[in-house]
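Visitor: Could you walk me through this structure, one question at a time?

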Amino acid sequence: MNEPRSTLTPDFMGDLSRLEVHGHGPRSLTWWGLMGMIAIEGTAFLLAGATYLYLASQVPQWPPAKLPPAWLWGVVFSAVLLLSAVPNEWLKRQAEQESLRAVRIGLVLMSMIGLALCAVRYLEFTALRVSWSDSAYGSIVVVVLGLHTVHLVTDLIDTLVLAALMFTRHAYGRRFVDTAENAIYWNFVVLAWLPIYVLLYLVPRWLQS
Amino acid sequence: MSAPRDGEDFDEASTAQQLTRTWATPRGWWGALATVDHKDIARRYLVTAGVFFVGAGMLAFVMRLQLSRAENTLIGPDLYNQLFTMHGTTMMFLFAVPVMQAVAIYLVPLIAGTRAIAFPRLTAFSYWIYVFGGVMVWVAFALNIGPDAGWFAYTPLSGPQYSPGKRVDFWAQMITYTEVSGLATAVSIVATILKMRAPGMSLSRMPLFLWAMLVTNLMVLFAMPAVMLASSFLIMDRLVGTHFFNAAEGGDALLWQHLFWFFGHPEVYIIFIPALGMVSSIVATAARRPIFAYPLMVLALIAISFMAFGLWVHHMFATGLPRLGNSFYTAASMAISLPSGVQIFCWIATLYLGKARFNVALLFVIGFIVIFVLGGLTGVMLASVPLDLQLHDTYFVVAHFHYVLIGGAVFPLIGAVYYWYPKVVGRLLSERLGKWNFWTLFIGFNVTFFPMHYLGLAGMPRRIYTYASGLGWDGLNLLATLGASLLGVGVLLLLVNMIRSARVGPLASPNPWEAGTLEWATTSPPPPYNFPHIPLVTADEPLWRERDHLSVMRGLRLDKRELVVTTVVEARADLREPVARPSLWPLLTAIATGGMFLASIFSPWAVVAGAAPIAVAMIGWFWPDQPPRADGEDPEP
């Protein structure tokens, strides 16, 4: 290896030392990483939805056994998920204002909501009235619901870890950025659910009538 | 006492010493496994991808030997199926995409004028998961359970009924590994280009290399999920009895082709667009002037990336889809040659208007233009449905895509090797050997693949392990095999040049080609922190503005890893963010994830059992290992 040789003399034109050390929203680097992940996962949801419609277009009868998923748990899940957007948005704003007490309350609340939703999701799986091995219809229904569940569980674990961090000495600075960005991810989990609900619960009923 | 910061307070030697202490990766096995330096990771990527390239090339040569004469018995049909599947799979998934991303991992932070890549640990993770996937599929091949359904693994051939055993499962999981890796890298590169460019490097003066890498990696985000979804459907059909592609239970085999080519066609451009960025760098430096019609070049890159998502059905013309739909894809496939042509004409104009200096890198660019234009012309021919129906699955198609892929990606890549090798290694390659290298490759390539156009027109199908004598194919097949030998000699000369020059090549100065972009402002090879001071960009080609001076910013900490985050469009300095230190967690996460992928081939329960170690590893990764700092600043992750 040769010795570092810089032939260019630096001309100092400005100072970076007074810049802030973290910022929220598009100012932060991790926000862009988050948007990248949302682009990837959003594309996967769109293509899974396209697969559902493609498969539906290939058969005379959809669902083959004329049994769409039962209403109850899907409605309960959707209602709780949509309502969770309210405390989630409150948590995001508190995190942006870096108010530790409110963020602790919000993270504990969102953790409990996430756990409750996982329980409802389990019941939802039992009410699909089809198995993945019954038909292509069963396969795509289970996979689309499974894909959404993976996002639900991922965000729940993230929320639990952040809640734990916020009660330790690590509760400072960038943790608030992390909390606000975790709340943005939850918004994505909520928004992604709306078309999936239409696809899984309403489309099979429309196709039958 | 205030914290030490770069600037007039310290002389350059002391600045370098303090930054090295902060940024250097520790020596020894821990440092080797924990490194998050983008240059270390990229070098590993490049070497690994090079090994896969040579391996896949050798498989191709064995196939050429088998086809060199009629009714040859060197290779049987079963091994031949594995050979062409492994060749295509390795070249596309383990060489072409990773090698282009590896060049980006090395060069993007340097050309952008920053100290690190956006997510260093994610980038380290992407390397480990890539190498695990590649090793897995090659070990399977060595054990005679290599995939054998072609690199695009069409159903129903690849489904449980016609491909029992584990061969296709290894293929499907190899996809999962490499796409996880490619997606992780893409996120890092996009964030680096958008948020970490040196202050003053607004989008309107961003080098074309960065534009090409930005466009490519944005494409990755929207293309690769399709193949991951498809390969997951396939492996579920094979292992747990779903019916996505099973027509008997309402599934559909063509669904596979739609999902695969929705990824697969953009994939070609994901390989090709980085090469456009490399060529623009080489041409501007060789011509000693900025690229002609820069705004047009940027628009052409963006146009190619959008149109690339509208071409996938041209791989499916022979499947009996509605005629009207086919016309749309014919038009789109022909139209994409327009922005590609714009690029070619702008480079020619740049060379014409500048004072071109012919070196080996430029020689490879000219070779690229010749070969790629020929491949592009056969592409326009194949976009026509009647001709495509005639030539589908023949050697004409084999000739076409090797002209496009080797001409469009490998030639620029080797040009890039000659151009950037001194920056990476600190020594220059031999230009004399380089000329031999170029001519053997150029002649060898054309002798190998040009006859295949005729073989295809004469009716020779692809993927046949032998053929009868007297069909008029014998002589040209032998000629192609002789050409492949010369091609092999060319690759060997490149390797000899690279290995020899690393020891005895002349030492490289920081800017041996007198280029204008920022990677040439630092030493060759660059120090762990890339730049002693963050450059301030005041011109399109910063190093051509002033000869001996560089405008820079002061004020980043010398005692902790820190870089400047800028705004997306104007690149105004906005934040000082801490950068991750070396860590074993990316490797441990890759072992947990890779172990789960591998085990899932043998039992679906592995997905459930493997979730816990992955969660533990990721929590370990994200848990801060530094206490809060007394000075109120954020510690490094």
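Here is a friendly tour in questions and answers.

Visitor: What kind of model is this, and how many helices and strands are there in chain B?
Guide: This is a predicted model, so keep that in mind as we go along. In chain B you can count both helices and strands, and the totals are 19 helices and four strands.

Visitor: Does the radius of gyration of chain B agree or disagree with that of a compact globule, and what is it?
Guide: Chain B has 637 residues, and a compact globule with that number would have a radius of gyration near 26 Å. The value for chain B agrees with this: 25 Å.

Visitor: What does the C-alpha trace of chain B span along its principal axes?
Guide: Of its 637 residues, 57% count as buried. Among contacts in chain B between residues at least 6 apart in sequence, 80% join residues at least 24 apart. Along the principal axes, the C-alpha trace spans about 85 × 60 × 50 Å.

Visitor: Which strands stand at the edges of the open sheet of three strands?
Guide: The strand order is β1(A)-β2(B)-β1(B), with mixed pairing. A strand with a single partner has one side left without a neighbour in the sheet, so it stands at an edge. That describes β1 (9-15) of chain A and β1 (534-535) of chain B.

Visitor: In which sense does β1(A) pair with β2(B), and which residue is the bridge partner of A:Asp15?
Guide: β1(A) and β2(B), residues 549-554, pair in the parallel sense over six bridges. Follow the partners along the strands: A:Pro10 has B:Leu550, and A:Asp11 has B:Ser551. For A:Asp15, the bridge partner is B:Arg554.

Visitor: How do the residues of chain B that touch chain A divide into nonpolar, polar and charged?
Guide: In the contact between the chains, 64 residues of chain B meet 52 residues of chain A. Elements giving two or more residues to this side of chain B include α1 (12-23), α7 (208-239), α8 (253-287) and β2. The residues on this side divide into 38 nonpolar, 13 polar and 13 charged.

Visitor: What covers the buried residues of helix α18 of chain B?
Guide: Helix α18(B), residues 585-600, has 16 residues and reaches 22 Å from its first C-alpha to its last, close to the 22 Å expected. Its buried residues include B:Trp585, B:Leu588, B:Met596 and B:Phe597. Among what covers the buried residues are α5 (120-142), α6 (167-195) and α19 (605-622) of chain B.

Visitor: Is B:Lys435 buried, exposed or partly exposed?
Guide: B:Lys435 lies in helix α15 (residues 431-457) of chain B. To be buried, a residue needs 20 or more C-beta neighbours within 10 Å, while 12 or fewer make it exposed. B:Lys435 has 15 C-beta neighbours inside 10 Å, so it counts as partly exposed.

Terms used. Residues are numbered from 1 along each chain as its sequence is written. Chains are lettered from A and ligands numbered from 1 in the order in which they are written. This is a predicted model: local features need pLDDT of at least 70, side-chain atom pairs count only at pLDDT 80 or more; totals for chains, interfaces and linings use all residues. Two strands pair if DSSP finds at least two bridges between them. The expected span of a helix is 1.5 Å times one less than its number of residues. Two residues are in contact if their C-beta atoms, placed from the backbone, lie within 7 Å. Ala, Val, Leu, Ile, Met, Phe, Trp, Tyr, Cys and Pro count as nonpolar, Asp, Glu, Lys and Arg as charged, and the others, Gly among them, as polar. The radius of gyration is taken over C-alpha atoms; the globule rule is 2.2 Å times the number of residues to the power 0.38.
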